[in-house]
Structure formats: C-alpha cells, structure tokens
Amino acid sequence: MEKLTMQEEDVMRLIWQIGPCFVKDILAKYDDPKPPYTTLASIVKNLERKKYVKNKRYGNTYEYTPLIPESEYKRTFMSGVVRNYFENSYKEMVSFFAKDQKISADDLKDIIDLIEKGKE
C-alpha cells in the first residue's frame, strides 16, 4: 500500500465518509475557498492510480468507490509510525502521549478496559 500525500489523505477521508461519489460530491464537502475542480479531479485520479479507489463510468463522468477500507489504511500506517518512531512499541507510543499530557488517566483506564474486554 503506497503512502498518500496530505492532500490525497484529505480527499480519501472524504471519500470514506461519503461512500461512492463523484468529484462534485467531494468538492461540495470542502469549506470555502474550495480547491479548483481540476485539482481535485487530479488528486482522485492519483488515488485511482495508487489503487485506493475504483471508478464506474456514467456517460462522461465517473463515480468513485473506495477499494481500501479506512480501518486497513489506519492499521497499516499507524504500524509504520509505531515502528519508525516508537521502537516498534505501542507502550512507548502511549508513554510518549502520557508524558506530553496528550492522554489523560481516564483515557488510559478506558484503554485498559478495552484491552481487558478483548481478552474475554
């Protein structure tokens, strides 16, 4: 799975949110100032080339559908972040956020509860 650029990730998140859609549907989700239609269409074509979306032709327009679930993308690239920045340790990652006060004790308790429920 090829890494996406920031712009591609933004567009892909919208496609996951909308589901099957046309470029105009994606454009409608943007706040003003909206990107040019042609720029957005090029980004979607790049996503198609990278095998993140597929198209279905309707006359001279295309409907795009995600090929890769959002959860799979997250899992793949979060694993890379943990491997590259936290010595392949999720514990190190959580410790980093705890030390940086980005995660609270209550959040940690919730995470522990989720882990324990997963063992049942």
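**Helices, loops and a cis peptide bond**

Biologist: Which backbone nitrogen does the side chain of Ser-89 reach at 3.0 Å?
Modeller: In this model, which is predicted, the side chain of Ser-89 reaches the backbone nitrogen of Glu-92 at 3.0 Å. A polar atom of that side chain also lies 3.3 Å from the backbone nitrogen of Lys-91.

Biologist: And where does Ser-89 lie?
Modeller: Ser-89 lies in the loop between H4 and H5, and Asn-88 lies in that loop too. The phi of Asn-88 is near 60°, which is a positive value in a residue other than glycine.

Biologist: Is Asn-88 buried or exposed?
Modeller: Asn-88 has a relative accessible area of 55%, and because over 50% counts as exposed, Asn-88 is exposed.

Biologist: Which residue with a positive phi follows H3?
Modeller: That is Lys-51, with a phi near 70°, and Lys-51 lies in the loop between H3 and S1. Lys-51 is exposed, with a relative accessible area of 58%.

Biologist: Let's go to H3 itself. How far apart are its end C-alpha atoms?
Modeller: The end C-alpha atoms of helix H3, which runs over residues 37-49, are 18 Å apart, and this agrees with the 18 Å that its 13 residues should span at 1.5 Å a residue.

Biologist: Which residues of H3 are buried?
Modeller: The buried residues of H3 are Leu-40, Ala-41, Ile-43, Val-44, Leu-47 and Glu-48. They cover an arc of only 160° around the axis, so they are on the same side of H3. On the other side of H3, Thr-38 and Arg-49 are exposed.

Biologist: What covers the buried residues of H3?
Modeller: The cover includes H1, helix H2 (23-29), strand S1 (53-58) and strand S2 (61-66).

Biologist: How do H1 and H3 pack?
Modeller: H1 and H3 pack at an angle of about 85°, with their axes 10 Å apart. Angles of 65 to 115 degrees count as roughly perpendicular, and H1 and H3 are therefore roughly perpendicular to each other. On the H1 side, Gln-7, Glu-8, Val-11, Met-12 and Ile-15 meet Leu-40, Ile-43, Val-44, Asn-46 and Leu-47 in H3.

Biologist: Glu-8 is in that list, so is it buried or exposed?
Modeller: Glu-8, which is found in helix H1 (residues 6-18), is buried, with a relative accessible area of 4%.

Biologist: Which side chain does the side chain of Glu-8 join in a polar contact?
Modeller: The side chain of Glu-8 is joined to that of Lys-50 by a polar contact of 2.6 Å. Leaving aside residues up to four places away in sequence, Glu-8 touches Lys-3, Ile-43, Asn-46, Leu-47 and Lys-50.

Biologist: New topic: which residues of H4 are buried?
Modeller: Tyr-73, Phe-77, Gly-80 and Val-82 are the buried residues of H4, and what covers them includes H1 and helix H5 (90-99). Helix H4 (residues 70-85) has 16 residues and reaches 22 Å from its first C-alpha to its last, which is close to the 22 Å expected at 1.5 Å a residue.

Biologist: Last one: which residues does the cis peptide bond join?
Modeller: The cis peptide bond joins Asp-32 and Pro-33, with omega about 0°, and Pro-33 has its place in the loop between H2 and H3. Most peptide bonds are trans.

Conventions: Residues numbered from 1 in each chain as written. Predicted model: local features only at pLDDT ≥ 70, side-chain atom pairs only at ≥ 80, totals over all residues. Heavy atoms only, no water. Helix = DSSP H or I, 4+ residues; strand = E, 2+ residues; numbered from the N terminus. Buried < 20%, exposed > 50% of the residue type's maximum accessible area, 1.4 Å probe, protein only. Polar contact = N/O pair within 3.5 Å; in protein donor to acceptor, adjacent residues only side chain to side chain. Contact = heavy atoms within 4.5 Å. Expected span 1.5 Å × (residues − 1). Arc of directions from axis to C-beta. Axes fitted to C-alpha atoms, helices over the stretch in contact; angles between N-to-C directions. Parallel < 35°, antiparallel > 145°, perpendicular 65-115°, else oblique.
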